[in-house]
Amino acid sequence: MVTTPRLPDGFAVQLDPRVHVDPQRRVLVGDAAPGVLARVNPAVSLLTRGRLVVCDERSAALARSLLEAGVAHPRPTSLPSHEDVTVVIGVRRDSADLDRLLRRLAGLRVIVVDDASAHPVRRAGVTVIRHDRPRGYSAARNTGLEAAATDFVAFFASDAVPERGWLELMLGHFTDPAVALVVPRVLTDTRSGGRLAGYERDCSFVDRGTHETTLRDNATVPYVSGVAMLVRRSAVRGFDESLRSAQGTELCRRLEREGWHLRYEPIARVTVAGSAGYGHWLRRNYSYGNGVGVVSARHPRHAAPLTAQPWAIGVCLLAALGGRRGLQCAALVATVETARAVAVDEDRQRDTLARNLSHQVSVAATQTVSAALRHYWPAAVLVSVVSRRARRALLVAMVADGLLDWSHRRSAEPDHPGPIGHVVLKRAEDVAFGTGLWAALVRTRSLGALNPLR
């Protein structure tokens, strides 16, 4: 395990805008870390307009506790030099995509690892290392990692295109000596047009959203894309060459287990090519689900489908499946939990308590529906065959979840599908992901990805 080092003087943190501070100076965590009430020590008075600058041991300890609780984000005032970075690109074949990427990386040290492509890759101004036989994507990255001599190494897929300023935004996080890996936001190139392109642009699985956060298992961003990442070379021993997908996610879980901190920086953006048709898109989502299942077999705490409070999940299930008696039982459970929360902290204000409890139920409802339609869909379909009430609940969930997702994600672009098209694509995406997940469970003989209580 890595011992968490002290943050340097001058390092600053800023409270997440979704976090509220109640009158007793307790930090109430909203969407930044669902269902958790994080308490900080009296030094919270050091915060000025939600910002804290490290200047001594006391402020350093508070800043670290806020970062680890997921309620604040780093605001470094300095960053390492570009000279300390090497970019590694693994390629299976030569293409115009590689040239486009290299133009965006002008001025940086670049290593291209040619994984025994049919036509050897040759480029002026970069280091090219060629494998004599195909060894796979992870092996290509490991070859580049071993050849790099700088403190930091960036990995890119050959079809990725980073936007201007990506390196500065990501490098700043390494001012924190506990950070081992930073990933950018990954967007989908939709120049091909069409309804599928519009859906991928707004709902891509690899796009983890606009909120910066700590990458942590069972947090708001448990999955990452291996399309692009920046790592501290001394912390990374390499990618798992036995995996065919989810190599980046597996690396994150390994680093997290060793005690390193990982960050998601959405202002740094990278674009990748969209799917080449519906078949390719379904295979991609199958691969994503398969990767989650494989990683969960190796790291049992990875990406639990349900991370909300058990009592809140119980309330949702009782209300959805239990009929009138179920609603009564759900109300009873909610009442008992409210009484327990009041007994634990009698001086907490009622509006703060009500907001926290209602938020936990909302998170539980969202997660329960999502898990039933994605992770557990074979079991949900089986139950609905023998239970009319379950069948009705499943059909309502399929439509309501899709429409709610459409209302949140739809854009002003004309190519985004309408509500019916969105619901159909959302359900097809879930089925493909869930099928890949269950295929991995059969192959690994592990039910880790379906375990809701981790």
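In this predicted model, the buried residues of helix H5 pack against strand S12 (179–189), helix H7, helix H12 (388–409) and helix H13. Helix H5 spans residues 195–203 and is mostly covered, with seven of its nine residues buried. The buried positions of H5 are Leu196, Ala197, Gly198, Tyr199, Glu200, Asp202 and Cys203.

Two packed helices are described by the angle between their axes and the distance between the axes. For H7 (residues 278–298) and H13 (residues 419–444), the angle is about 40 degrees and the axes lie 7 Å apart. Angles under 35 degrees count as roughly parallel and those of 65 to 115 as roughly perpendicular; H7 and H13 are therefore oblique to each other. Their crossing is right-handed.

On the H7 side, the contact is made by Tyr278, Trp281, Leu282, Asn285, Tyr286, Tyr288, Gly289, Asn290, Val292, Gly293, Val294 and Ala297. The residues contributed by H13 include Leu425, Ala428, Glu429, Ala432, Phe433, Gly436, Ala440 and Arg443. By class, 15 residues in the contact of H7 with H13 are nonpolar, seven are polar and two are charged.

These elements belong to a protein with 13 helices and 15 strands. Of its 454 residues, 52% count as buried. Among contacts between residues at least 6 apart in sequence, 73% join residues at least 24 apart. The protein exposes about 21500 Å², of which carbon and sulfur atoms supply 56%.

Terms used. Residues numbered from 1 in each chain as written. Predicted model: local features only at pLDDT ≥ 70, side-chain atom pairs only at ≥ 80, totals over all residues. Heavy atoms only, no water. Axes fitted to C-alpha atoms, helices over the stretch in contact; angles between N-to-C directions. Helix = DSSP H or I, 4+ residues; strand = E, 2+ residues; numbered from the N terminus. Parallel < 35°, antiparallel > 145°, perpendicular 65-115°, else oblique. Left-handed = near helix turned anticlockwise from the far one by under 90°. Contact = heavy atoms within 4.5 Å. Nonpolar A, V, L, I, M, F, W, Y, C, P; charged D, E, K, R; others polar. Buried < 20%, exposed > 50% of the residue type's maximum accessible area, 1.4 Å probe, protein only. Areas by Shrake-Rupley, 256 points an atom, 1.4 Å probe, with all protein chains shown as cover.
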